[in-house]
Each structure stands twice: as C-alpha cells, then as structure tokens.
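Hi everyone, thanks for coming.

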Amino acid sequence: MQDIVIAGTDTTSTTVEWTLAEMMNKPETIRKAQEELQSVVGKEEMVDETHLPKLHYLEALVKESLRLHPPGPLLVPRYPTATSSIGGFIIPKGTKVFINAWAIHRNPLVWENPSEFIPERFLTGTNRWDYYGSNNFNFIPFGFGRRICVGIPLAEKMNKYILATMLHSFEWRLPDNSKLDLVEKFGIVLKKEKPLVAIATARPSCAKLNK
Ligand code: HEM
C-alpha cells in the first residue's frame with residue numbers, strides 16, 4: 001500500500017508541474033488547450049471524467065512533458081538473471097542495470113528537435129505513441145516489461161483531469177518580476193530545481209466556478 005502511495009503521488013504532481021511550466025513557457029499551447037476545452041467541455045460545465053478521452057491535444061501535452069521530463073528518469077534498476085551481450089557489451093548475471101529513459105527520450109535519431117517542447121509530435125502520423133513501449137521502446141515514461149508501472153490507467157486519467165480542470169477554470173501567470181526557468185533537479189524523481197510559482201485567476205468564461 002505504501003509503495004502505491006509513494007509511487008503514485010510525487011510522480012503525478014511532478015508531471016502536472018512540468019506540463020504547466022512548459023506550457024507557460026510557450027503560451028500558445030495554453031491557448032490551444034483552452035480552445036479544445038471550450039469545444040469539448042464548454043462554458044457551462046466543469047471538466048469530468050467523460051471529457052478526458054476527447055482531449056487529444058491535452059494528452060499530447062502530457063506525453064510531451066513526460067518525454068522531456070520523465071519523473072522516473074532511470075526507471076527501476078534491473079538485475080539480469082543470465083549473462084547477456086547488448087551492443088557488444090557483456091552484462092554479467094546479477095549486474096545492477098539502469099535504463100536511461102531520460103536520454104532515450106532525447107535521442108536525436110528518433111526525435112526531431114529533441115530538446116524542444118512540441119506537443120504536436122504526439123498528434124500526427126505514427127507518433128501517437130502509447131505508454132506500453134510501442135514504437136521500439138523509444139518512449140517509456142512508465143517503464144516497460146514485467147515491472148512496468150501498475151498505475152498507468154490511474155496516472156493517465158489524473159494527469160489529464162488535474163490539468164484540464166486547472167486550464168479550464170483558471171488563467172495562469174507568473175508573479176510580477178519573476179522569470180520562468182525549466183532547470184531540472186536530478187533525483188529518484190526528476191523535479192524542477194525551483195518549484196513553479198504561478199498565480200491563478202478564475203476565468204470569466206467558467207460560469208459555474210464564479211457562482
Ligand atoms: C505520471 C505518473 C507516473 C509515472 C511517470 C510513473 C512512472 C513509473 C516508472 C518509471 C516505474 C518503474 C517501471 C520500470 O522500471 O519498468 C513505475 C513503477 C511503479 N508505479 Fe508508477 N508512475 C506514475 C504513477 C503511478 C501511480 C498513480 C501509481 C499507483 C496508483 C503508480 C504505482 C507504481 C508501482 C506500484 C510501481 C512498481 C511496479 C513494480 O515494481 O512491479 N505509479 N512507475
């Protein structure tokens with residue numbers, strides 16, 4: 001139980017924080033997400049679970065944020081049960097192996113402009129990557145194989161639900177005289193070095209919230 005709470009809380013809040021920070025750095029993404037929310041949810045309603053599968057742009061935003069800033073950058077270590085050879089390297093049985101998902105997600109042979117936040121890459125062509133290691137394991141924010149994250153169905157919903165509600169109900173801006181930075185702090189969970197501080201103002205378009 002404790003494992004599930006630990007694995008499921010920091011990862012989700014970090015994903016929401018990174019996604020909002022990247023969006024505030026590229027305000028047109030906020031406008032596009034709010035347009036999508038306007039057409040799917042509308043002015044009179046609050047976001048609910050039934051809207052989530054229709055929010056394709058929002059899903060692309062979350063995926064692009066997980067690509068650039070995977071909360072578990074090195075996944076969980078593996079210990080091979082047999083000696084094996086990968087890419088010419090011998091990996092003895094029992095070696096502690098880390099998978100660098102962070103680097104895989106920025107591989108320039110796979111991702112065009114890998115360091116740039118471009119959610120559209122998850123909307124077109126074969127790039128509608130899922131979370132289960134499709135596309136040759138080039139996108140693995142939840143890991144892969146037997147020990148893949150068990151919380152994917154919940155995390156998928158929560159990430160979108162929280163962000164959708166925040167963007168539908170509020171406008172977001174930085175405090176006066178502050179600058180946004182996107183510096184990472186490496187750890188078991190990959191966080192922002194400086195937590196995002198943002199000011200929320202209720203959107204006039206959200207009638208129910210203002211009652
Ligand atoms: C954005 C949210 C999340 C991300 C990015 C994430 C990421 C990960 C990653 C990378 C792993 C290791 C997988 C591997 O090494 O192959 C993992 C494992 C795990 N996650 Fe998540 N996770 C998230 C949310 C959640 C939630 C919401 C729960 C539970 C409700 C959860 C429960 C777990 C558990 C129990 C494991 C260990 C699985 C095992 O070892 O068999 N995670 N997660």
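I'll go from the iron to the ligand around it, and then to the pockets.

Quick housekeeping: this is a predicted model, where local features need pLDDT of at least 70, side-chain atom pairs count only at pLDDT 80 or more, and totals for chains, interfaces and linings use all residues. Residues are numbered from 1 along each chain as its sequence is written, and side-chain values use heavy atoms, with hydrogens and water left out.

So, what is the protein donor of the iron atom of the ligand? Just one: Cys149, through its SG, at 2.3 Å. Donors here are N, O and S atoms within 2.8 Å of the metal (3.2 Å for Na, K and Ca), and with water not among the atoms, sites may look incomplete. Cys149 is found in the loop between helix H5 (134-137) and helix H6 (152-169). Helices are DSSP runs of H or I with at least four residues, numbered from the N terminus.

Now the rest of the ligand. There are 22 residues around it, and Val76, Arg78, Phe144, Arg147 and Cys149 come nearest; being near means having a heavy atom within 4 Å. Three of those names turn up again in polar contacts, meaning pairs of N or O atoms within 3.5 Å. The side chain of Arg78 has an N or O atom 2.6 Å from a ligand oxygen, and a polar side-chain atom of Arg147 is 2.7 Å from a ligand oxygen. Phe144 uses a polar backbone atom instead, 3.2 Å from an oxygen of the ligand. In the shell around the ligand, H1 gives the most, with six residues.

Where does the ligand sit? It takes up the space of the largest pocket, going by the rule that more than half of its atoms lie within 2 Å of the pocket's grid points. A pocket is an open set of points on a 1 Å grid over the protein atoms alone, where a 1.4 Å probe fits, with protein on both sides within 12 Å along at least five of seven lines; lining residues have an atom within 4 Å of a point. This one holds about 1,200 Å³, a volume being the space filled by probe spheres set on the points. Of its 37 lining residues, Ala7, Gly8, Thr11, Val76 and Cys149 are closest to the centre. Helix H1 (2-25) and H6 each supply at least two lining residues, and H1 gives the most, with nine.

Last stop: the second largest pocket has about 280 Å³ of space.

Note on methods. A polar contact is a pair of N or O atoms within 3.5 Å; within protein, one must be able to donate a hydrogen and the other to accept it, and residues adjacent in sequence count only if both atoms are side-chain atoms.
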